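Please examine the sequence and the structure shown below.

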Amino acid sequence: MRRPGYAAFRTVLVAFTVGVIGAASAHAQRTGRDIIDHVDRIMRGESSQGVATMEVVTEHWQRSMTMDIWSLGTEYALIRITAPKKEAGTATLKAGDDIWNYLPRVDRTIKIPASLMMGSWMGSHFTNDDIVKESRLIEDYDIAIGYEGLRDGVEVWELDLAPKPEAAVVWGRIVYQVRKRDMMPTWARYYDEDGALVRTFTFSDYKTMGGRLVPARMDARPEDKPTERTTILYSELEFDIGLDRGFFSLRALRTGEGR
Amino acid sequence: MIGPWWRIGWRNLGRNRRRTLIAAAGLALGYFAVVVMVGLMAGLTAEMIENGTGLLTGQLQIHALDYRPDRSIYRTIGGDDGTDVARLLREVITDTAVAGAAPRVYAGGLVSSGEATTAGILMGVDPNREPGVSRILRSVVRGAVPANGQSQILIGTEMARQLDADVGDTVIVVAPAADGSMGNDLFTVSGVFRSGMPELDGSYVFVPIGSLQQLIALSPGRVHEIAASTTDPWLAPIAAGRLAAEFSTSGLTLEVEPWTRLRPEMLDYARLVEAWDYFVIGIVFAIAVFGVANTMLMATFERRREVAVMLALGATPAKIVLSILSEALALGVISLIAGVAITLPILVWWHTAPPDLSWLYGDFTMFGALIRPVLRVEYKPAVAVLTGVALLLTALIAALYPAARAARMLPADTLSGI
């Protein structure tokens, strides 16, 4: 089903893109937008598949879940919990702006309503919104390099992300620190609209997985509860494994096909 | 006590009966207007308080100290170990002002049916006890109240519409549980309620308390709230103080809040309305003063020759003042008796059978309380007495100027026709 003129359109688009990138690199200067775009793509590739452990520590309980994760571009992701037994089979599908959860206990799929986007995902310190919006930084924020230079003996950029006026985002400001040496993110700080720090993501444990250098560990810490955290630890990660959109269907969410 | 000057005053009232009747009618009507108006305002306030607290809140609530305002599901009464809920309920009910008490558990969650999912406030209630505290379970319009021990829920009309679910349908309820897991289970819609409050009808879900505790992994001894009703809403603050003292002596650190602290905006409004009572009295009788003063001025002017003769015969000005004031007082007493005679039956009738204005107005809400469109009238004995005193004072104040004028007249000039 190739529409007439599509090939021509694509050629123009590619030419235009190459032109823009060429122009950018000709200046030998990375913009904040380029850096964030790069960081955004590290963990994803065209498609990816991984195994991760999520450890959640709260004031009241502590638990660990193992999950399989698949992604396609920035639009699609499927996460299926494999352990512990009580939760095994529980799955989350992200397609565009929507999230569905599959609950094996009742064998039903439910779509998360917009009003619950700020709700916790699987009891962690991540919100449903984090899962939907994780890849939208360059679309929703104006990005400027706030600081460039040494921090603790390491050359870094610190990027200031200010929400675009029309963007429907919850943060007042995000600051990202990225190492210059290998363009690895080191931390991200999220501020509310009053400028108060709400939470900090810390990246660490950089290692090569699936042929790429990635931060294998990410800690999320809420500012108001210093004893609490959520840690995501990747144990396996592969890229460009040739998934297509059909993989990210509600049917796949229910049945666990593709495992 | 009844001296000659008093008698003169009284008899003067009978000299122009029509004028006396008109003046008395004015004062009596003023009395009627004030008492009924204040009663109506008190009726509106009482309606608001009773509906605002009786629909769901209850007149007092007991929580763990740190439960409000965050309402974390972990902050149950008695901490993580919970408490002996039955014993606590017994203790609350033994208070003389408390009419009923019921335990409650709250959780935020999702209700999903078919394609539709909506966020809701899950409220675990004891279907046997809750009606003693609030009216919410009585507002079922279809189906029935969920039964203890069953996986059943009661949803509002608006949520039923959003979910396209009705009595007998199976829905999924998902809620973050106290152990960190995602509690999820299938529930049957046992009934649909309509409270008239959009936020209740669209987002509250009532679940048997045990079923909700199971869903969110709370043991049966863990509840977030004990809500109680009192025999009279105005007894709640005193009862709350008594209960708090009782709990602290038995070693429980609990927050006991009457509706006056849970819903301070309602208390503020009630206080404002009470302040208005005095305004109403003031305005009505300020108008009446001029009417009565005019009448008394006419009456004394007509009798100026008579007064001049009395003065000429040696009556002191003070006696003249006394006679005119006693005339005014007598007028006030007649008006008061007439006022009470017309006000009382109408007040009793309106109080026992409030006129229904629903053909004119629909239900409306005020401070989150549903108000029925009825002319509800409350008795306010203190205001009735105060109004009576105000009426008599009005008559006396109105007579002061005419009396002073009469007492100061010069007998010779008046008698010579100047």
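## Contacts of Thr343(B)

Leaving aside residues up to four places away in sequence, Thr343(B) touches Tyr31(B), Phe32(B), Val35(B) and Val36(B); a contact means heavy atoms within 4.5 Å. Thr343(B) belongs to helix 11 of chain B, residues 317-352. Helices (H or I, at least four residues) and strands (E, at least two) are DSSP runs, numbered from the N terminus. Thr343(B) counts as buried because its relative accessibility is 2%, where buried means under 20% relative accessible area, exposed over 50% and partly exposed in between (1.4 Å probe, protein chains only).

## Basis of the model

This is a predicted model, in which local features need pLDDT of at least 70 and side-chain atom pairs count only at pLDDT 80 or more, while totals for chains, interfaces and linings use all residues. Residues are numbered from 1 along each chain as its sequence is written, chains are lettered from A and ligands numbered from 1 in the order in which they are written, and side-chain values use heavy atoms, with hydrogens and water left out.

Strand 10 of chain B (residues 254-258) is mostly covered, with five of its five residues buried. In a regular strand the side chains alternate between the two faces of the sheet. In strand 10 of chain B, Leu254(B), Val256(B) and Pro258(B) are buried on one side, and Glu255(B) and Glu257(B) are buried on the other. Strand 1 of chain B (residues 60-64) runs antiparallel to strand 10 of chain B and is joined to it by five bridges; two strands pair if DSSP finds at least two bridges between them. Leu60(B) has Pro258(B) as its bridge partner in strand 10 of chain B.

Elsewhere in chain B, Leu272(B), Trp276(B), Phe279(B), Ile283(B) and Ile287(B) make a nonpolar surface patch of about 550 Å². Of these residues, Ile287(B) lies in helix 9 of chain B, residues 264-302. Ile287(B) has a relative accessible area of 60% and is therefore exposed. Patches are made of residues with over 30% relative accessible area and no salt bridge, with like charges joined within 9 Å and nonpolar side chains (Val, Leu, Ile, Met, Phe, Trp, Tyr) within 5 Å. A salt bridge is a side-chain nitrogen of Lys or Arg within 4 Å of a carboxyl oxygen of Asp or Glu.

## Chain A and its strands

Chain A contains five helices and 13 strands, and 46% of its 259 residues are buried.

Strand 2 (residues 62-72) and strand 3 of chain A run antiparallel and are joined by seven bridges. They form a hairpin with three residues between them, and Gly73(A) in the turn has a positive phi of about 55°. Trp70(A) stands opposite Leu78(A) in strand 3 of chain A. Six of the eight residues of strand 3 of chain A (residues 76-83) are buried. Strand 3 of chain A also pairs with strand 4 of chain A (residues 91-95) in the antiparallel sense, over five bridges, and Tyr76(A) has Ala95(A) as its bridge partner in strand 4 of chain A.

## Aromatic residues

Over all chains, the whole structure holds eleven aromatic pairs. Tyr176(A) and Phe203(A) are a stacked pair, because their ring centres are 6.3 Å apart and their planes stand at 25°. This pair links distant parts of the chain, with Tyr176(A) in strand 9 (residues 173-179) and Phe203(A) in strand 11 (residues 197-209) of chain A, 27 residues apart. Both Tyr176(A) and Phe203(A) are buried. Rings of Phe, Tyr and Trp (its six-membered ring) pair if their centres lie within 6.5 Å; planes under 30 degrees apart count as stacked, over 60 as edge-to-face and the rest as tilted. One aromatic cluster is formed by Trp70(A), Tyr76(A), Phe247(A) and Phe248(A).

Terms used
Areas by Shrake-Rupley, 256 points an atom, 1.4 Å probe, with all protein chains shown as cover.
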